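These are my notebook entries from going through the structure chain by chain.

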Amino acid sequence: MADLALNGLSKHYGDFYAVRDVSLAIADGEFLVLLGPSGCGKTTTLRMVAGFIEPSAGEVRLGGQDVTLLPPWKRNAGMVFQSYALFPHMTVAQNVAFGLEMRKLGRVDIDQRVEETLALVRLDGFGGRLPRQLSGGQQQRVALARALAIRPDVLLLDEPLSNLDAKLRQEVRIEIRELQRQLGLTTVMVTHDQEEALTMADRLVVMNEGAVRQVGTQRDLYERPADRFVAGFVGRTTFLGGTVKAPGRFRSDGGLALACTGGRPGRAVLSLRPERAMVGRAALSGLDNSLPGTVEFVSYLGALIDIHVRLSPKDRLVVQIANRDGGFTPEVGQPVHVGWPASAGQIFNE
Amino acid sequence: MIALLHRRARRWALNGAAAVGLGYILLPLVFVTWLAFFHQEIPSFPPEGYSLRWFAAILDQRKFVSGFSVSFQVAALAMVLGLALGVPAALCLARRNFRLRGPLANLLLMPIIVPGVVLGTAMYVFHVEVENGLDMDVIGTFYALVAGHIVIVIPWVVRLVTASLSGVDRATEEAAQNLGANPWITFWRITLPAIRPGIVAGALFAFVTSFGNLEMSLFLVGPGRTTLPIVILQYLEWKIDPTIAAVSVVQIVLIGTAMLITDRYVKLARVV
């Protein structure tokens, strides 16, 4: 295993920048997730690390060595592909042995390593099967074993779970994460699924339009999003459009005067996480903001309930409450009061 | 009830139409095969009796034997060389993105569309030019004949291999490179096994196309060196005894066997 560094990495096709000036340092044994909507440049970045795409500018350093110009077959990076990309005409054992044969290991060593690696992903005894005789989850584990068998300096995961059904995905997330910890694998994973990203990562990188928007832990991204995009992409939030009149004073487009923290005078949006607001029958005392409104929509999610409250013709807020015994659950059309402390909202100037 | 009758009627209509189509294709083959076993020399119905004498007669005609031998050699060579040229061409067309890709792909399929007589004439003229220009024997030589057959064989190879390539997951090739295989090893160990069905089918169609070609070959054969279809044609100008039918049956059986054997390894219906 080794550390990985991307310095000023860019890829452009003519005028279009797929990736723009990405710099990241991934520590030895760290699990980093590149998160972003499709087309944000996360996969291009991963493929530049693997060597499938040649960067227009910048460098990739693996274990201190500059590998920017090395072809894929000369880098020691193990990749798990979205489609798994198993060799259909080879058995499971032959698939896992392929990388070892390329490394010119002896037959005895190869057989032993294949057996060990298959045991690691709980596929002992499956060596003689063909990929098409396996379930999706098993195929995914073969792909992982094949990448691990070569003892890569870095493990690259390209949306590895997107072809699994929801229930299996939850199990595999934890399996991969445990394996990664146990083996101390430096790992870079690409995903557009924020829940997956939040469960698995040590650190996350949010990308949009080819650029890194924020790097940080789950808590950093959720509690202190760097910009409006990150706030909207990681977790849920309601945006209210309006103007900052003076630091701490926000006026929404619908005319609501709201207390907030910070902000420069001018156009801005106020971002409020649904679970940070409260809803009650009467005005909420002790909160910086308390406003009357009407319930427009209620969505019952089991443990949680989403309540959409109309505050003014132009302002609608989502409040999420826990589904507790004896708790107040408003109904559609009911007049309610909504409140939150000034510190719960975050201002993003435009 | 009415709906059920309707459905039944529709199924019968569909099956009937299929039967007519199939019958139309198979009927000549059935008659030729039947005829090959007639005893009498002049084909007439009903047959006076059955025998295998016309099959024995094939071997008495040295022309048939040597025609078969020439056709077989030409077809085998054209197949091998057609694969050597067609497979890389298909790889290039399927994998590389270049400006003239579309026109080039169409050009490689042209020999199927251009009438054999036109192709034959063009090649004959070309051979005359080459012979004059280079001062060497070209017209009517065995290798000129093979060269011509390679042209009509390539479209089949290119078409079938291209179809096969489009079903290959490019990620498997990337996976191989990721695991340490250079492009050369990747091709031999990953791509080639994946397109094997297309190559086998392409080889079969190449062989059959070359073996059965008449029109173009007419322009390219030399004295004393004739392909089987031409021998058959020449024989028919003088005689109409069932020897020709027997020769046809032998051909049908050979090609049918080749297809059945191929189909055991490669499901032809999936590639073609």
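Which residues of β3(A) are buried on one side, and which on the other? I looked this up in what is a predicted model, and found Phe31(A), Val33(A) and Leu35(A) buried on one side, with Leu32(A) and Leu34(A) buried on the other, which leaves both faces of β3(A) covered. In a regular strand the side chains alternate between the two faces of the sheet. I noted that strand β3 of chain A covers residues 31–35 and that five of its five residues are buried, so the strand is largely enclosed by the rest of the structure.

Entry on the partners of β3(A). I traced the pairing and found strand β8 (residues 187–191) of chain A joined to β3(A) in the parallel sense over five bridges, with Phe31(A) standing opposite Thr187(A). Strand β9 (residues 203–208) of chain A also pairs with β3(A) in the parallel sense, here over four bridges, and in this pairing I found Leu35(A) opposite Val206(A).

Entry on an antiparallel sheet in chain A. I followed five strands that form an open sheet, in the order β13-β12-β11-β14-β20 (chain A), with antiparallel pairing. The edges are held by β13 (257–259) and β20 (346–349) of chain A, and each has a single partner strand, so one side of each is left without a neighbour in the sheet. On average, neighbouring strands of this sheet are turned by 40 degrees against each other, direction ignored. Within the sheet I checked strand β11 (residues 238–246) of chain A against strand β12 (residues 249–252) of chain A, and found that the two run antiparallel and are joined by four bridges; in β12(A), Phe250(A) is the bridge partner of Val244(A).

Entry on chain A as a whole. I counted eight helices and 20 strands in chain A, whose C-alpha atoms fill a box of roughly 75 × 45 × 30 Å along the principal axes. Of its 350 residues, 40% are buried, and among its contacts with a separation of 6 or more, 66% are between residues 24 or more positions apart.

Entry on chain B as a whole. Here I found 12 helices and zero strands. The radius of gyration of chain B is 23 Å, well over the 19 Å that the globule rule gives for 272 residues, so I wrote the chain down as more spread out than a compact globule. Its C-alpha trace spans about 80 × 70 × 30 Å along the principal axes, and buried residues make up 30% of the 272 residues. Of the contacts in chain B between residues at least 6 apart in sequence, 76% join residues at least 24 apart.

Entry on Glu41(B). I located Glu41(B) in the loop between α1 (2–36) and α2 (53–60) of chain B. It has 13 C-beta neighbours inside 10 Å and therefore counts as partly exposed. I also took its distance to Ala56(B), and the two are 15 residues apart in sequence and 14 Å apart in space, C-alpha to C-alpha.

Entry on where the two chains meet. How many residues of chain A are in contact with chain B? I found 17 residues of chain A in contact with 15 residues of chain B. On the side of chain A that touches chain B, β6 (77–80) and α2 (92–102) of chain A each supply at least two residues, and α2(A) gives the most, with three residues. Sorted by type, the residues of this side of chain A divide into 12 nonpolar, three polar and two charged.

Note on methods: Residues are numbered from 1 along each chain as its sequence is written. Chains are lettered from A and ligands numbered from 1 in the order in which they are written. Two strands pair if DSSP finds at least two bridges between them. Axes are lines fitted to C-alpha atoms, for helices over the stretch in contact, and angles run from 0 to 180 degrees between N-to-C directions. Two residues are in contact if their C-beta atoms, placed from the backbone, lie within 7 Å. Ala, Val, Leu, Ile, Met, Phe, Trp, Tyr, Cys and Pro count as nonpolar, Asp, Glu, Lys and Arg as charged, and the others, Gly among them, as polar. The radius of gyration is taken over C-alpha atoms; the globule rule is 2.2 Å times the number of residues to the power 0.38. A residue is buried if 20 or more other C-beta atoms lie within 10 Å of its own, exposed if 12 or fewer, and partly exposed in between; C-beta atoms are placed from the backbone.
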